Amino acid sequence: MHLILNGINGRYLREIPDNWRTQTESVEAAVAYATEDRLLFRWCLDHDIPLTFWGRFDETVPVRLDILRLFHSRRSPNFVCKLVTHFHAKVIWWHGVGAYVGSANFTDAAWNKNIEAGCFFDEAEMIASGMDLQLRSFFSFVDQKSSPLSDELLQALEIRARELTRQASQDKDQAQHFLATTGVKQWPGLVTVPAREARERQKRTFLDEWFDTLQILRNIAATVTKDENRPGWIPPTVPAGAQADQFLAAYYYSQVIGEDGRSYYARLHEQNVANVGRALSAAITWWRELPEAPPPNVGQVLVEWVPFLKEMLSEDRILGLTADDFNRVCHRVWSIQDHARRVSNATVGLPGGSPHDRDVKTTALAEFLFSRRSQNGSSVLEMLHYVLYGGPADQVPERLWEAISTDAWKIEHLGISALGELVGWAMPDLFPPRNNRTSKALYALGYNVSFVGN
């Protein structure tokens, strides 16, 4: 975590886009006021980085007209502007890098001159604390209360802006009349929402999305396991969920990741969203015609790792795993390996200086996780046993929610992507493995799914 205090400590918000362009996969920005387009908006356009921006709607026209026109003229699902009432947030998430939460609007003064105060959290910290899940819920809620920048809404804002240039102030009645503009969702704000209701809403949003995506994965699993779609190098005994997972993994690495190493899931989504069935059919045709298992290690995963993980995570074995057993599990879970490379050396007890390779970092993270306890005293193995076997199988998603959202069960640095994948390896026939890579592959195929974090 870094404090961003501008001239007070010499740390400026502009450092993030200046230094982390190649690592940024997409940006979500919920910032009330915007008068300067070059701080982020044109940066995303110049570097082909998908952006969704939520700005404030009120009678003062808080987002400058030329910025609104910039979004409106693009008419692109990868460059989206929506407006929200009762909105004063300043939150920016550079996916793949981290998030800023503070006081700075999109103004030149806020980024360069004003006394502003905020914190930047890298994604490893966000995952460790569960902040990634909270921000996902935040952006989802804001989006539900937002209005897209339609032709009519832009026209109303242009008329209002002209009125403001002619008059130094507006009387209260006129302002209230404007706030009732047709086409803008009206809602009373958060003052009437109790904390318990907010938590239940977050849980419902998570479960609704989880089950929607689960059904997509089950449908894909049923299709890729048909004899006419399964490549000859995959034994028919491999669980359907595992086949679906590795089909999506292979698609992601071969067709979503570009030669420059960037993930182009947003661009492919724009191409495929109008006909998801056609995109999926083309991907399955490519898959079934592969003469051998594609890189990086699809064949090894399906033939060796799947039975190993299913055995290790079984109800009879999981509580008796040794530290070495758990380490071997972690080395076969993509999400844990991916998170390990992001975690600081100091967090997992490694010396600083030269960077450590993925295997070293994964072993260190596995040892760290094995030593942790949740607030109710549970070890990582006991927490996993509770999620997987602490009640009826059809309630695994509810227990998964508890493990990522409640202090009683949460294990630091074991997030939703890793848990979703572990559930899938333990129960591939019921719950196909799901991680952030899975979600990006589905999104690239045109499905409207959310990213689950790490």
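## How two helices are compared

Axes here are lines fitted to C-alpha atoms, for helices over the stretch in contact, and angles run from 0 to 180 degrees between N-to-C directions. Helix H10 (residues 240–256) and helix H11 (residues 265–272) pack at about 95°, and their axes lie 11 Å apart. That makes H10 roughly perpendicular to H11, on a scale where angles under 35 degrees count as roughly parallel, over 145 as roughly antiparallel, 65 to 115 as roughly perpendicular and the rest as oblique. Helices (H or I, at least four residues) and strands (E, at least two) are DSSP runs, numbered from the N terminus.

Which residues bring H10 and H11 together? Tyr251, Gln255 and Val256 of H10 meet Tyr265, Leu268 and Asn272 of H11, where contact means heavy atoms within 4.5 Å.

## About the model

This is a predicted model, in which local features need pLDDT of at least 70 and side-chain atom pairs count only at pLDDT 80 or more, while totals for chains, interfaces and linings use all residues. Residues are numbered from 1 along each chain as its sequence is written, and side-chain values use heavy atoms, with hydrogens and water left out.

## Nonpolar cores

A nonpolar core is a set of buried Ala, Val, Leu, Ile, Met, Phe, Trp, Tyr and Cys residues joined through side-chain atoms within 4.5 Å. Buried means under 20% relative accessible area, exposed over 50%, and partly exposed in between (1.4 Å probe, protein chains only). The largest core holds 87 residues, and those with the most contacts inside it are Ile220, Phe247, Val329, Met383, Leu414, Leu419 and Tyr447. Helix H9 (residues 195–224) gives this core its largest share, nine residues. A second, separate core has 42 residues, including Val31, Val97, Trp111 and Phe178.

Not counting residues up to four places away in sequence, Ile220 touches Ala244, Phe247, Leu248, Leu280, Leu442 and Tyr447.

H12 has 13 residues and reaches 18 Å from its first C-alpha to its last, close to the 18 Å expected at 1.5 Å a residue; the expected span is 1.5 Å times one less than the number of residues. Val276, Ala279, Leu280, Ala283, Ile284 and Trp287 are buried in H12. They cover an arc of only 130° around the axis, so they sit on the same side of H12; the arc is that of the directions from the helix axis to the C-beta atoms. The face turned away from this buried side carries the exposed residues Gly277 and Arg278.

A cis peptide bond joins Pro295 and Pro296, with omega about 5°.

## Around helix H3

Two residues other than glycine have positive phi here. Val61, in the loop between strand E3 (51–56) and helix H3 (65–74), has phi near 55° and counts as buried at 13% relative accessibility. Arg75, in the loop between H3 and strand E4 (79–84), has phi near 50° but counts as exposed at 60%.

Asn78 also lies in the loop between H3 and E4, and is buried at 15%. Beyond residues up to four places away in sequence, Asn78 touches Ile49, Pro50, Leu51, Ala266, Arg267 and Glu270. Leu154 in helix H7 (residues 151–166) is buried at 7%. Leaving aside neighbours within four places in sequence, Leu154 is in contact with Leu65, Leu68, Arg69, His72 and Leu149.
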